[in-house]
Amino acid sequence: MAHHTPVRPQDYDVAADAVQPLSREQAQQYGVCPLALTRDAAGGFTLALACAQPEQPALIEQLQRLTGYRVQLVPALAADVQRGIELHYSLHTLEAPVDLLAEAGAPGAPAGERPGARTTVEDLLQRAVNERATDIHLQPDEDTVYVRYRIDGVMSDFASYDPALHPQVISRIKILANLDIAQTRLPQDGRFEAKFGKRMYDVRVSVVPISHGEKIVLRLLPKGQLAFDLRRMGFSETHVRLLEELIGKPYGMILATGPTGAGKTTTLYALLAKIDCVGNNVITVEDPVEYQLPHVSQMQVHPKIGLTFAHGLRAILRQDPDIILVGEIRDGETLEMAVQSALTGHLVLSTLHCNDAAAAAARMMDMGEEPFLIASSVSGFIAQRLVRRLCVKCRAPATVSDTVRHQLGIADETPLYVGAGCDTCRGTGYLGRISLFEVVPNLAPIQEAIVRKAAVGDIRALIRALNIPTLREDGLAKVIAGITSLEEYLRAVYET
């Protein structure tokens with residue numbers, strides 16, 4: 001790995017075996033970032049490390065003693081070495097938000113040593129990727145700007161910086177997202193692409209004016225084809241068999257229900273991934289197009305120019321579709337066209353905002369649809385919630401009172417778990433998320449209940465009488481299996 005020009009460690013896809021020989025603290029101490037561990041012709045190993053001052057024989061000798069490998073120092077800028085360390089080592093658990101300016105140089109330091117807007121934005125994005133954050137919130141207050149990350153669905157303060165830098169940060173992000181930098185009094189939306197390691201990310205930008213300036217929210221979406229696996233998402237074998245039967249029908253509507261952020265769109269993508277998109281004409285209308293799917297025509301709605309879900313769906317129906325995905329049914333017009341499409345030989349996948357499968361028909365009736373058309377057009381309902389997964393490295397037995405166990409029907413001897421918190425999960429006790437599901441085929445008794453406008457509670461009782469596993473039962477099964485905690489289950493689905 002001979003290099004003369006400086007490398008950017010943050011652009012490398014560094015394997016775990018290259019990071020392990022040095023701890024994060026040692027990498028910081030010696031100012032090096034791992035790049036690669038390679039075997040040479042003689043069978044020995046060489047550890048390549050990025051370093052701002054690679055011409056240091058004494059440092060090479062010290063690192064070789066520490067690691068037990070031959071060490072090669074590769075030139076890199078000091079700031080890039082630091083960013084590489086941030087990216088390739090898990091961040092330590094923060095006791096309090098980090099002051100980004102204090103980290104990179106005091107306010108009184110010479111201009112060349114202080115972080116500019118470009119550096120700050122890049123640092124924020126890299127830290128977010130490293131922490132598995134899905135959203136970055138830059139929230140100005142009177143005396144500081146809070147950097148808040150949403151990780152596994154939960155917001156936390158992660159860093160801060162001087163409000164004096166905020167206008168530059170905003171301008172930098174607006175330029176990247178092709179927004180109007182002079183406009184500070186109206187909300188704006190945009191997007192740009194960023195690369196970290198070998199992964200490209202689509203960064204969605206939302207800017208809104210608040211009392212202390214402009215607040216920015218950045219949503220990070222990994223680009224490229226994703227492996228949508230129903231079982232890894234949380235569907236049981238029974239669920240998967242039901243869904244395969246539902247999407248095997250050439251017509252009808254499958255509705256994913258749940259609150260905002262429950263993962264409904266991801267579920268629809270996972271269903272599309274199991275469909276033959278080569279032998280079928282598959283078209284979607286979405287807001288926004290979250291992920292690019294091969295052999296699928298995807299349309300982005302633009303309400304400002306009149307391209308709504310209803311308008312897009314009307315246009316799609318003239319494109320000879322076999323399968324249609326409607327990102328969300330928001331109004332009666334879109335619902336009417338989706339129902340008619342399902343009745344006239346199209347498989348329609350869509351989402352609806354309501355609590356569970358039993359409430360979906362009532363929601364559709366509230367939007368003006370006839371009960372007999374709902375009963376005959378819908379093939380099945382999916383209800384879901386997202387919960388955090390327990391960290392397997394620090395999972396520990398939980399103490400649960402006999403009263404709670406009795407209320408939930410959990411036997412006294414059944415072990416339950418909590419997350420104790422460790423460096424891997426940043427002290428939260430959770431790492432990643434999984435969905436709780438309810439898959440309800442629209443069987444004849446349910447259709448009859450919909451036609452006679454049965455109350456939501458009566459439809460729920462009917463679903464239980466038909467022995468269809470409910471959202472609560474799926475959640476309890478995942479609690480008992482040690483996948484999630486009782487606290488997460490109660491937060492997501494349990495109603496007293």
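Student: Which residues does Ser350 touch, not counting residues up to four places away in sequence?
Tutor: In this predicted model, Ser350 touches Ile254, Leu255, Ala256, Leu268, Val326, Gly327, Glu328 and Ile329, leaving aside residues up to four places away in sequence.

Student: And where is Ser350 placed?
Tutor: Ser350 is in strand β15, which covers residues 347-352.

Student: Is Ser350 buried or exposed?
Tutor: Ser350 has a relative accessible area of 0%, so it is buried.

Student: What lies 2.7 Å from a polar atom of its side chain?
Tutor: That is the backbone oxygen of Val326. Val326 is also among the residues that Ser350 touches.

Student: Let me step back. How many helices and strands does the protein have?
Tutor: The protein has 19 helices and 19 strands. Its C-alpha trace spans about 85 × 60 × 55 Å along the principal axes.

Student: What percentage of the residues is buried?
Tutor: Of the 496 residues in the protein, 49% are buried. As for contacts with a separation of 6 or more, 63% come from residues 24 or more positions apart.

Student: Now the open sheet of three strands. What is its order?
Tutor: The order is β1-β2-β3, and the pairing is mixed. The edge strands are β1 (32-39) and β3 (70-75), each of which pairs on one side only. From one strand to the next, the twist averages 25°.

Student: In which sense do β2 and β3 pair, parallel or antiparallel?
Tutor: Strand β2, residues 45-51, pairs with β3 in the parallel sense over six bridges.

Student: Changing topic: how many salt bridges are found in the whole structure?
Tutor: A search of the whole structure finds 19. In general, side chains of opposite charge can pair when their charged atoms come close.

Student: What does Lys274 form a salt bridge with?
Tutor: The partner of Lys274 is Glu244, and their closest N and O atoms are 3.4 Å apart. This pair links distant parts of the chain, 30 residues apart: Lys274 is in the loop between α10 (264-273) and β12 (282-286), and Glu244 is in helix α9 (residues 237-247). Lys274 is partly exposed at a relative accessible area of 39%, and Glu244 counts as partly exposed at 35%.

Student: What about Glu488 and Arg388, are they buried or exposed?
Tutor: Both are buried. They form a salt bridge with closest N and O atoms 3.2 Å apart. Glu488 is in helix α19 (residues 486-492) and Arg388 in strand β16 (residues 378-390), 100 residues apart.

Student: Why are Lys478 and Asp474 separated by about one helical turn?
Tutor: Because they are four residues apart in helix α18, residues 471-480. An α-helix has 3.6 residues a turn, so residues three or four places apart point the same way. Lys478 and Asp474 form a salt bridge, with closest N and O atoms 2.8 Å apart. Lys478 is buried at 6% relative accessible area, and Asp474 counts as buried at 8%.

Student: Which residues are linked in a network of salt bridges?
Tutor: Arg191, Glu193, Asp202 and Arg204 are linked in that way.

Student: On to α11. Which of its residues are buried?
Tutor: In helix α11, residues 309-316, the buried ones are Phe309, Ala310, Gly312, Leu313 and Ile316. They cover an arc of only 165° around the axis, so they are on the same side of α11. What covers them includes β12, β13 (296-300), β14 (323-326) and α12 (332-343).

Student: Last one: which residues form the covered face of β6?
Tutor: In strand β6, residues 145-151, the covered face has Val145, Val147, Tyr149 and Ile151, while the uncovered face has Tyr146, Arg148 and Arg150. In a regular strand the side chains alternate between the two faces of the sheet.

Student: What joins β5 to β6?
Tutor: A hairpin joins them through four residues. The two strands run antiparallel and are joined by seven bridges.

Note on methods
Residues are numbered from 1 along each chain as its sequence is written. This is a predicted model: local features need pLDDT of at least 70, side-chain atom pairs count only at pLDDT 80 or more; totals for chains, interfaces and linings use all residues. Side-chain values use heavy atoms; hydrogens and water are left out. Two strands pair if DSSP finds at least two bridges between them. Axes are lines fitted to C-alpha atoms, for helices over the stretch in contact, and angles run from 0 to 180 degrees between N-to-C directions. Buried means under 20% relative accessible area, exposed over 50%, partly exposed in between (1.4 Å probe, protein chains only). A polar contact is a pair of N or O atoms within 3.5 Å; within protein, one must be able to donate a hydrogen and the other to accept it, and residues adjacent in sequence count only if both atoms are side-chain atoms. Contact means heavy atoms within 4.5 Å. A salt bridge is a side-chain nitrogen of Lys or Arg within 4 Å of a carboxyl oxygen of Asp or Glu. The arc is that of the directions from the helix axis to the C-beta atoms.
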